Structure formats: structure tokens, C-alpha cells
There are 2 protein chains.
Amino acid sequence: MIIAISGGVGGARLCQGLVQILSPAELAIVVNVGDDFEHLGLSICPDLDTVMYTLAGLHNPTLGWGRADETWNFMQVLEQLGGDTWFQLGDRDLAVHIERTRRLAAGEPLSSIAADFCQRLGIRHTIIPVTDQRLRTRVISRDEGELAFQDYFVRRRAQPAIVALRFDGAEQAQLAPPLAQTLAGNPPHPQPQGVLICPSNPWLSVDPVLAVPDFRDWIARQRIPIVAVSPIIGGRAVKGPAAKIMQELGVGHDTMGIVDHYGSAVQGWVIDRADAHLADSIRARGHPVAVTESLMTDPTVAAALAHTAVALLRELA
Amino acid sequence: MIIAISGGVGGARLCQGLVQILSPAELAIVVNVGDDFEHLGLSICPDLDTVMYTLAGLHNPTLGWGRADETWNFMQVLEQLGGDTWFQLGDRDLAVHIERTRRLAAGEPLSSIAADFCQRLGIRHTIIPVTDQRLRTRVISRDEGELAFQDYFVRRRAQPAIVALRFDGAEQAQLAPPLAQTLAGNPPHPQPQGVLICPSNPWLSVDPVLAVPDFRDWIARQRIPIVAVSPIIGGRAVKGPAAKIMQELGVGHDTMGIVDHYGSAVQGWVIDRADAHLADSIRARGHPVAVTESLMTDPTVAAALAHTAVALLRELA
């Protein structure tokens with residue numbers, strides 16, 4: 001039984017591999033909520049939806065967000081009416097946001113809504129937002145002060161230079177109840193035997209999950225292995241601003257910067273063949289390393305990468 | 001300068017005629033808000049939107065609500081997610097509801113949002129919700145107690161027998177500021193010289209407008225003529241439950257029931273050729289009558305009907 005920590009597209013792709021090799025009882029996916037925000041009066045959960053759409057086979061592999069079978073009629077009229085159009089919402093995608101917002105307003109927890117949506121979309125594996133409480137990533141920028149995450153990420157296209165990040169509400173956030181149950185080894189899952197950090201942006205997608213005190217404490221208390229898959233290939237992020245942020249934060253922009261960022265929190269590493277020359281340096285820091293193809297161009301590659309990561313976890317157990 | 005009072009489809013069609021023969025300075029359309037409701041967290045204003053879409057040329061003439069160029073992808077996914085689907089919301093239509101809800105939540109009055117939307121959709125004539133305050137038509141049914149209007153009208157397809165109607169909030173409702181300005185003869189309109197009651201359901205669409213005290217009082221104070229176009233043709237409502245409601249309320253189901261309902265509030269009547277035999281009875285009650293084609297199968301018929309009604313108003317002035 002493995003706990004996978006995922007952000008958006010990179011994490012979702014590895015999850016697509018994990019569900020091919022692990023049964024629903026063998027996997028629980030914990031998703032970042034730091035990107036969540038309110039827009040046009042709707043509660044939007046980008047990472048949760050990316051993982052959900054990907055596992056439901058509905059995702060748009062070209063855009064890396066939203067659905068493949070999408071239409072944009074709502075957005076066209078919204079523009080005509082003078083509404084905010086910097087965050088694109090497709091016609092089908094809107095149903096998720098509107099129905100989720102309605103159920104949240106009626107008092108239902110996010111994790112419960114997410115579980116129900118997943119079931120209705122035919123997803124058998126467990127997807128859990130790390131917390132049902134408000135946890136918001138805030139970007140402290142060099143030149144524009146503090147920005148809400150989506151203001152930075154989508155509206156400003158990740159252009160502002162980052163000085164630091166802050167996870168508003170993280171210290172007060174409780175684990176979502178199904179995650180607390182899962183970490184305690186209660187059904188439907190047996191006791192977790194390893195944690196896999198998916199190739200998502202450490203600063204933007206994984207740190208907000210690890211910032212929830214009960215999750216951080218659980219990891220510290222458990223003596224189970226943690227393996228991470230590097231989101232950097234040959235000094236470049238496959239998607240998103242990871243490499244740019246690393247430079248801004250002065251931590252280099254290759255996989256070593258990621259290894260140093262997680263430090264002793266992560267035991268084993270999975271890195272891309274393009275970074276094979278770094279394997280010895282990582283081993284020198286005391287971490288077992290698996291080198292493999294990590295650019296998940298299709299579900300078969302994702303399954304192979306998942307297999308490598310899970311094998312390393314089992315080796316460390 | 002004429003004030004037209006409109007509900008949904010019948011009223012909107014006559015407005016489509018009125019705008020062909022009256023300049024923007026010569027017409028202000030006051031629209032019922034008693035049908036408005038909150039659904040899926042959105043503020044929905046069916047009559048306002050029907051008039052707006054009709055004057056913008058975007059209306060669906062077959063359905064009598066919504067847009068002609070509509071798609072239903074949102075609704076399909078909402079159903080898949082287990083959401084409420086008894087009230088149909090098209091993908092393009094959603095933009096109006098979401099953006100209006102957002103602006104209302106930000107504190108902007110409904111009349112201001114409506115004016116802006118109309119301008120953006122290229123409508124030159126004035127469309128004003130009678131009030132910016134909450135005014136809700138409630139149906140007191142024979143067998144199912146009191147129902148919210150859309151619960152009665154859409155969810156229950158106007159099946160429950162009506163005992164009475166009540167306009168929740170009407171007594172406290174203020175005129176929407178642009179309507180107060182218009183009634184006072186302030187720019188952009190000159191002093192109103194007549195009121196035209198469009199062929200909308202008197203009980204469901206017009207009475208809620210007349211229930212706003214300052215509007216009722218203005219009509220009582222002014223000595224300007226009021227002309228109504230009967231929504232009943234040959235004992236049948238063109239669309240909607242008017243005839244059914246009239247029977248339930250025991251007021252017959254022909255145009256005489258409508259004439260008696262408005263009583264001395266209306267001076268002149270426009271009735272359909274199919275009801276020509278009633279003209280003498282209406283005249284006997286002291287009302288001038290114009291008999292014409294009133295089934296607005298196309299904009300040309302609507303313009304001719306508008307011309308007849310406006311001519312009668314001018315005759316009475």
C-alpha cells in the first residue's frame with residue numbers, strides 16, 4: 001500500500017501509471033490544494049481536477065489541464081459580457097466547479113465531494129485532497145509583492161520572480177478525514193508501506209501538502225521509505241516553471257537542486273536517463289537511485305516509471 | 001414615450017415589435033422579477049433574460065426561453081455528476097448567470113448589470129427589472145402547499161392547481177433606480193405618456209410588477225392611459241399555463257377573465273380577431289377595443305401588433 005503525493009500534470013501522469021500496476025487497495029493519491037481558489041464565485045481545484053480527469057481518461061494531454069472533449073461557448077459569451085477571461089473554464093469542466101461549489105456551500109467537505117465525483121466518473125482508486133480546510137499557496141514575488149497563486153501562475157503566466165512561498169492556512173489545516181483514516185491503516189486500505197512523491201513541482205505542488213502538520217508528523221513518525229521522482233529532466237522542467245523558480249531561489253536548476261530541497265525527507269530517487277551523470281552525486285548523499293525513462297509521453301511509459309518507483313520503494317521497505 | 005410591462009416570451013415578442021416602431025427614447029421596458037430564483041448557487045432571471053435575448057436576436061423561438069445557438073455540454077456533465085437537472089442551463093446562457101451572480105455578490109444592483117449586459121449585446125432600448133430588491137412569486141397550491149415559483153413552473157411543469165399567488169418582498173421593494181428616473185421623466189427618456197401591458201400572464205408575470213408599491217402608486221397618480229394586449233386567443237393561452245390558472249382561479253378562461261382581472265386599471269384593450277365577438281362586451285365595460293392579429297408568429301406581425309397597441313394608447317392620450 002502506497003501513498004502518492006501529486007500536484008498537477010506531472011503527478012497526474014505518474015498516477016496514470018500507478019493505477020495500472022497497483023490495485024485500488026494498494027494506492028491512495030493525496031493531492032495538493034494550495035492552487036485552489038475562488039473565481040467567478042466558483043470553487044476551483046486545479047490539481048484535484050487534473051488528477052481526476054486524468055484517471056477518468058478525460059484529460060486534455062495537449063493543454064495539461066481541463067478536458068479533451070471540451071467546448072468553450074461559455075467563455076466566449078463571458079468575454080462578450082465583459083467578464084474575467086484570464087482563467088479558462090470549458091463548458092463541461094464548469095459542471096464540476098458549479099456542482100462542487102454548490103455542495104461545498106451546503107456544508108459538504110471537499111474530500112467527500114471529490115470521492116463522489118471520482119466514483120461517478122468511474123475512477124476506482126482513491127483520490128484525496130490533503131485537507132478539507134482552506135490552504136492557499138501565496139507567492140512572495142521580488143517586484144510585485146505577495147500574489148495569490150493563480151494570479152501568479154495563470155494571470156501573470158508565472159512571470160514574476162519568486163522570493164519565497166507561503167502556505168496560508170497550512171498550520172491550522174487538519175488532514176481530510178479519509179486521509180487520516182488511510183494513514184491510520186483503516187479500511188479500505190491496509191497500513192501504508194511507502195510514500196511516493198510524484199514528479200510535481202516541489203515548491204508549488206508538494207510543499208503545500210507536506211506543510212499540513214499532521215501529514216508532516218505522520219511521515220516523521222513512520223519509518224517507511226519515501227521515494228521521489230524528479231520533475232527535472234536534463235536541467236529543464238517538463239512543464240511549468242520549476243526550473244525558472246529554482247534559479248530565482250538560487251538552488252540551481254537541475255535534479256541536484258530538487259534532491260537538496262527534499263534533503264533527508266526523501267530516501268530514494270528516481271531520475272531520468274538524461275541525468276544519469278548525477279546518480280553518483282545523489283548516491284554520495286546517501287540516497288539509492290534508479291535511472292530510467294521519466295518523460296511520460298504515453299501511459300505505457302508512465303506504467304514503466306511507476307513500476308521503477310514502486311520497485312525502489314519496496315527495495316527500501 | 002411608452003412604458004411597456006413585460007413578462008417572458010409573449011411580452012418579449014411584443015417588445016420585439018415595439019423596438020421596430022419606437023426609438024430608444026420612446027420606450028422603456030419594465031420586466032417582471034417574480035420568476036427570479038437562485039439555482040446551483042446562481043442568480044437566474046428568466047423574464048429579464050428572455051426579453052434581453054429576444055431584443056438581441058439571440059432567443060430560441062422554438063423553446064421560448066434560452067438562446068438559439070445553444071449547446072448543452074455543461075448540463076450533460078452536471079447530470080453525470082448527480083447534479084440537479086430539472087432547470088436547463090445552456091453553455092452560453094451560463095455566462096449570463098455566472099457573471100451576473102458575481103456582480104450581484106460584489107454589490108452591483110441588478111438593474112445596472114442588466115443595462116450593461118444589454119449594451120454589450122447591442123440592445124439600444126432600455127430594459128429595466130422593476131426592482132433591484134428580492135421579489136419572489138410564491139404559488140399557493142391546492143394540494144402541495146406553498147411552492148417557490150420555479151418549483152411550480154418548471155420542476156412541477158405548472159401541474160399543481162393554484163389557489164392564490166403571493167409576491168414575497170413586493171411591499172418592501174423599491175423601484176429600480178433607472179425606473180424611478182424614467183417614471184419621473186428624467187433623461188434619457190421624456191415624461192411617459194402611456195403604459196402598455198404586454199401579452200404576458202397577468203397573474204404570474206404582470207401582477208408581480210404592479211405589486212411594487214411605488215409603481216402601483218405612480219400609475220394611480222398619473223392620468224396617462226394604460227392599454228393591455230390580451231395573452232389569451234380564442235380561450236387559449238398561446239404559451240404557458242394562463243388558461244389553466246384562470247380555470248383554477250374560477251375566472252373563466254377567455255379574454256373577458258383577463259379584462260375583469262385588470263378592471264379599471266386598464267383603459268384600452270387589444271384583442272385577437274378570434275375574440276372579436278367579445279369586443280362589444282369589453283366596450284360595454286367602458287374600454288375602447290382594437291381587434292387585430294395578435295399571434296406573433298414573426299417580427300412583422302409583432303410590429304403590426306405593436307403599432308395597433310401604440311395607436312390605441314395615443315388615441316386615449
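In chain A, helix H1 (residues 9-21) packs against helix H13 (residues 299-316) at an angle of about 75°, and their axes lie 7 Å apart. H1(A) and H13(A) are therefore roughly perpendicular to each other, a label given to angles of 65 to 115 degrees. This is a predicted model, in which local features need pLDDT of at least 70 and side-chain atom pairs count only at pLDDT 80 or more, while totals for chains, interfaces and linings use all residues. Residues are numbered from 1 along each chain as its sequence is written, and chains are lettered from A and ligands numbered from 1 in the order in which they are written.

**Confidence**
- Chain A averages a pLDDT of 96, and 100% of its residues score at least 70, on a scale of the predictor's confidence in each residue from 0 to 100.
- The scores for the model are ipTM 0.94 and pTM 0.94.

**The helix pair in chain A**
- Helices here are DSSP runs (H or I, at least four residues), as are strands (E, at least two), numbered from the N terminus, and axes are lines fitted to C-alpha atoms, for helices over the stretch in contact, with angles running from 0 to 180 degrees between N-to-C directions.
- Residues of H1(A), including A:Arg13, A:Leu14 and A:Ile21, meet residues of H13(A), including A:Pro299, A:His307 and A:Val310, where contact requires C-beta atoms, placed from the backbone, to lie within 7 Å.

**The two copies**
- Chain A can be laid on chain B with an RMSD of 0.0 Å by a turn of 180° and a shift of 0.0 Å along the axis, the superposition being by least squares on the C-alpha atoms of residues with pLDDT of at least 70 in both.
- The two copies are thus related as by a two-fold rotation axis.
- A:Asp91 is the residue of chain A that comes closest to the rotation axis, at 2.9 Å (C-alpha).
- The contact takes 23 residues from chain A and 23 residues from chain B, and H4(A) gives the most to the side of chain A that touches chain B, with 10 residues.
- Because 100% of the interface residues of chain A are also interface residues in chain B, the copies meet through the same surface.

**The sheet in chain B**
- Seven strands of chain B form an open sheet in the order E5-E2-E1-E9-E10-E13-E14, and the pairing is parallel, with strands counted as paired if DSSP finds at least two bridges between them.
- Strand E2 (residues 27-31) of chain B pairs with E5(B) in the parallel sense over four bridges, and B:Ile29 stands opposite B:Ile127 in E5(B).

Technical notes: Contact = placed C-beta atoms within 7 Å. Parallel < 35°, antiparallel > 145°, perpendicular 65-115°, else oblique.
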